[in-house]
Amino acid sequence: MNDGIARGTLNPLMIQSEQQRRAYLDALGIDVWLPRDQADPPVDDSQPEQAPALPDSPDWGQLEKAVSSCTQCALHQSRTQTVFGVGNRNADWLIVGEAPGAEEDRRGEPFVGRAGKLLDEMLKALSLDRQTVFIANILKCRPPNNRDPKQDEADACRSHLNRQIALIQPKIILAVGRIAAQQLLGRDDPVGRLRGTVHRLDEIPVVVTYHPAYLLRSPSQKAKSWRDLCLAAAASGTHVR
Ligand code: SF4
């Protein structure tokens, strides 16, 4: 059939662009030689740059950076910011709570609001404050609608907390509330059963007490909480005046 195009020639109408032309020639197995300045720009086929791996034992700066850019669980999608923890990095007391709430997520600090104020009061009763203790959470990002942390989220975040513990080397860990206690100790028991005992986490004494948010709802439990604080003080050698 004569379609007006000699076999092996190019129909200029079919060639919409130089790119198409070259693709066509390429398909025919015809090498196209171009002056250097018309050749395709060099393609960088090296592997995409990887984020530098976190060292096995990151220092505070490396850990802070790793947490602030962490995407190890789905909570990174909904957080305003990570809540790393605050206080004295050589503290004798490490206070561990559950997870940031709305206000903590907004301010980037753990235990703010009414519950935070009550925690401050509890610390004051021990002649401690936010500058002398370190306060952190099981999770560094806020779970939506303040729901309980999921186990996979707690697992994903545990390395951050473990590294904080290793860096601080506290004399006592005060687990505040059910989630913190259960996650730290790997137990399912309620706070009522976990408090009143000095547990151990890698030889570090751990004492469990009620969450201040619970104490605000149940002020009658404050006396028990004070007993927990005195137990923690005794376990850490803190003198209570
Ligand atoms: Fe990473 Fe922890 Fe935040 Fe999850 S909650 S994204 S593990 S910092």
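Me: What percentage of the 241 residues in the protein chain do buried residues make up?
Reply: This is a predicted model, in which local features need pLDDT of at least 70, side-chain atom pairs count only at pLDDT 80 or more, and totals for chains, interfaces and linings use all residues. Residues are numbered from 1 along each chain as its sequence is written. A residue is buried if 20 or more other C-beta atoms, placed from the backbone, lie within 10 Å of its own, exposed if 12 or fewer, and partly exposed in between. The buried share of the 241 residues in the protein chain is 34%.

Me: How many helices and strands does the protein chain have?
Reply: Helices (H or I, at least four residues) and strands (E, at least two) are DSSP runs, numbered from the N terminus. Counting them in the protein chain gives 9 helices and 6 strands.

Me: In what order do the 6 strands lie in the open sheet?
Reply: Two strands pair if DSSP finds at least two bridges between them. In this open sheet the pairing is mixed, and the order is S1-S3-S2-S4-S6-S5.

Me: And which are the edge strands?
Reply: Look for strands that pair on one side only. Those are strand S1 (86–87) and S5.

Me: In which sense do S2 and S4 pair?
Reply: Leu-94 stands opposite Ile-173 in S4. Over 4 bridges, the pairing of S2 and S4 is parallel.

Me: Which residue in S6 does Leu-174 stand opposite?
Reply: S4 and S6 run parallel and are joined by 4 bridges. Along this pairing Ala-175 stands opposite Val-208 in S6. For Leu-174, the residue opposite is Val-207.

Me: Which residue in the turn between S5 and S6 has a positive phi?
Reply: Strand S5 (residues 199–201) and S6 run antiparallel, joined by 3 bridges, and the bridge partner of His-199 is Val-206. The two strands form a hairpin with 2 residues between them. The turn residue with a positive phi, about 50 degrees, is Asp-202.

Me: How many of the residues of S4 are buried?
Reply: Ile-172, Leu-174 and Val-176 point one way from S4, while Ile-173 and Ala-175 point the other way. Both groups are buried. The count for S4 is therefore 5 of 5, with buried as set by the C-beta rule.

Me: Which residues have the most contacts inside the largest nonpolar core?
Reply: A nonpolar core is a set of buried Ala, Val, Leu, Ile, Met, Phe, Trp, Tyr and Cys residues joined through C-beta atoms within 7 Å. The largest one here has 48 residues. Those with the most contacts inside it are Leu-94, Val-96, Ile-138, Leu-174 and Ala-175.

Me: What is Leu-174 in contact with, leaving aside its neighbours within four places in sequence?
Reply: Two residues are in contact if their C-beta atoms, placed from the backbone, lie within 7 Å. With those neighbours left aside, the contacts of Leu-174 are Trp-93, Ile-95, Val-207, Thr-209 and Ala-232.

Me: How far apart are the end C-alpha atoms of helix H9?
Reply: The expected span of a helix is 1.5 Å times one less than its number of residues. For the 15 residues of helix H9 (residues 222–236) that gives 21 Å. The end C-alpha atoms agree, because they are separated by 21 Å.

Me: Is Asp-228 buried or exposed?
Reply: Asp-228 lies in helix H9. Among the residues Asp-228 touches, not counting those up to four places away in sequence, are Arg-195 and Val-208. Because 21 other C-beta atoms lie within 10 Å, Asp-228 is buried.

Me: Is Ser-127 buried or exposed?
Reply: Most residues other than glycine have a negative phi. Ser-127, in the loop between H4 and strand S3 (134–137), has a positive phi of about 60 degrees. Because Ser-127 has 12 C-beta neighbours inside 10 Å, it counts as exposed.

Me: Which helix gives the most to the shell around the ligand?
Reply: A residue is near a molecule if its C-beta atom, placed from the backbone, lies within 6 Å of it. 15 residues surround the ligand, and the closest include Cys-70, Cys-73 and Lys-140. With 4 residues, the helix that gives the most is H5 (residues 151–168).
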